[in-house]
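Trainee: Hi! Could we walk through this one together? I have some questions ready.
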Amino acid sequence: MKKTLFVALTALLLATVAAVAQDVRYNFDKNTDFSRFKTYKWVVLKDASKLDNLADQQVKDAVDAQLAAKGITKVDSDSADLYIGYQAAVGQEKEYTSYNTGWGYGGGWGSGWYGGGMGGGTTYGSTSTIYTGQVAVDMYDSANKDLVWRGVASKTLDAKAKPEKRQKNLTKAMAKLFKNYPPVKK
């Protein structure tokens with residue numbers, strides 16, 4: 001009974017951690033009229049860490065697809081309405097997990113009729129590395145070079161995932177990030 005409860009609580013905890021493992025947030029200039037932005041150009045952000053060419057193109061393709069769905073056209077000229085750049089990073093965290101193989105102290109079949117004896121058991125622990133990835137997309141009004149919108153998507157990464165799965169996760173994250181773009185004035 002106790003083992004079943006322990007397994008159920010562990011599964012619930014893991015489901016909760018997985019649910020908050022992906023985070024998407026954005027902020028924008030509330031005085032900006034986003035309906036006037038029809039074109040954009042990619043720019044390199046100063047001091048932003050660089051991804052390899054393949055990953056760089058995958059991020060840009062995912063953002064391009066979302067903006068195209070919103071009716072915003074990519075151009076190569078400096079006369080674009082928006083300048084868009086991104087930053088990406090991968091971080092790591094250590095996770096320590098411990099578990100006990102016995103019942104420990106408490107009620108049960110210990111000494112005496114009502115229990116209360118000491119049970120045996122061994123505690124084990126393990127450490128694992130959790131990788132988290134984050135992509136921040138910045139949009140600047142080209143007329144005055146002011147930041148007008150910033151979105152950040154972060155997710156726990158599976159280091160063993162196949163390229164197709166990684167691309168699917170990136171596409172999904174960008175779709176979620178741009179879900180509320182352009183922002184609606186209230």
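Trainee: Which residue forms a salt bridge with lysine 60, and how far apart are the closest N and O atoms?
Mentor: Before we start, keep in mind that this is a predicted model. The partner of lysine 60 is aspartate 56, and their closest N and O atoms are 3.5 Å apart.

Trainee: Thanks! Where do lysine 60 and aspartate 56 lie?
Mentor: Both are in helix H2, 4 residues apart, which is about one turn of the helix. Lysine 60 is partly exposed, since its relative accessible area is 21%.

Trainee: How many salt bridges does the structure hold?
Mentor: There are 6 of them. In general, side chains of opposite charge can pair when their charged atoms come close.

Trainee: And what does lysine 74 pair with?
Mentor: Lysine 74 forms a salt bridge with aspartate 64, with 3.2 Å between the closest N and O atoms. Lysine 74 sits in strand E3 and aspartate 64 in helix H2, so this pair ties together parts that are 10 residues apart in sequence.

Trainee: Is aspartate 64 buried or exposed?
Mentor: Aspartate 64 counts as buried, because its relative accessibility is 13%. Lysine 74 has 43%, so that one counts as partly exposed.

Trainee: What about arginine 36, which side chain does it meet in a salt bridge?
Mentor: That would be aspartate 141, at 2.4 Å from N to O. This pair links distant parts of the chain: aspartate 141 is in strand E7, while arginine 36 is in the loop between E1 and E2, 105 residues apart.

Trainee: Why does aspartate 141 count as buried?
Mentor: Because its relative accessibility is 5%, and buried means under 20%. Arginine 36 is at 42%, so it is partly exposed.

Trainee: New topic: the sheet. How many strands form it, and in what order?
Mentor: It is an open sheet of 6 strands, in the order E1-E8-E7-E4-E2-E3, with mixed pairing. At the edges are strand E1 (23-28) and strand E3 (73-74), and each of these pairs on one side only.

Trainee: What holds strands together in a sheet, as a rule?
Mentor: Strands of a sheet pair through backbone hydrogen bonds, either parallel or antiparallel.

Trainee: Which strands does helix H2 touch?
Mentor: Helix H2 (residues 53-69) packs on the sheet and touches strand E2 (39-42), E3, strand E4 (82-100) and E7. The direction of helix H2 makes about 175 degrees with that of E2.

Trainee: And which strands does helix H3 lie across?
Mentor: Helix H3 (residues 163-177) lies across E1, E7 and E8, and runs at about 140 degrees to E8.

Trainee: I also marked glutamine 66. What does it touch?
Mentor: Leaving out residues up to four places away in sequence, glutamine 66 touches Thr171, Met174, Ala175 and Phe178. Glutamine 66 lies in helix H2, and with 17% relative accessibility it counts as buried.

Trainee: Now the rings! How many aromatic pairs are there?
Mentor: The count comes to 10. One of them joins phenylalanine 34 and phenylalanine 37: it is edge-to-face, 5.7 Å centre to centre, with 75 degrees between the planes. Phenylalanine 34 and phenylalanine 37 are both buried.

Trainee: What about the rings of tryptophan 42 and tyrosine 86, how far apart are their centres?
Mentor: Their centres are 6.1 Å apart and their planes are at 90 degrees, so that pair is edge-to-face. Tryptophan 42 is in strand E2 and tyrosine 86 in strand E4, so the pair ties together parts 44 residues apart in sequence. Tryptophan 42 counts as buried at 14% relative accessibility, and tyrosine 86 counts as buried at 10%.

Trainee: Which residues do ring pairs link into a cluster?
Mentor: The cluster is made of Tyr26, Phe28, Phe34, Phe37, Trp149, Phe178 and Tyr181. While you are looking there, find lysine 30, which lies over the face of phenylalanine 28 at 4.7 Å from the ring centre.

Trainee: Last one: is valine 44 buried or exposed?
Mentor: Valine 44 is exposed, with a relative accessible area of 65%. Its place is in the loop between E2 and H2.

Terms used: Residues numbered from 1 in each chain as written. Predicted model: local features only at pLDDT ≥ 70, side-chain atom pairs only at ≥ 80, totals over all residues. Heavy atoms only, no water. Pairing = 2+ DSSP bridges. Helix = DSSP H or I, 4+ residues; strand = E, 2+ residues; numbered from the N terminus. Contact = heavy atoms within 4.5 Å. Axes fitted to C-alpha atoms, helices over the stretch in contact; angles between N-to-C directions. Buried < 20%, exposed > 50% of the residue type's maximum accessible area, 1.4 Å probe, protein only. Salt bridge = Lys/Arg side-chain N within 4 Å of Asp/Glu carboxyl O. Phe/Tyr/Trp six-rings, centres within 6.5 Å; stacked < 30°, edge-to-face > 60°. Lys NZ or Arg CZ within 6 Å of the ring centre and 35° of its normal.
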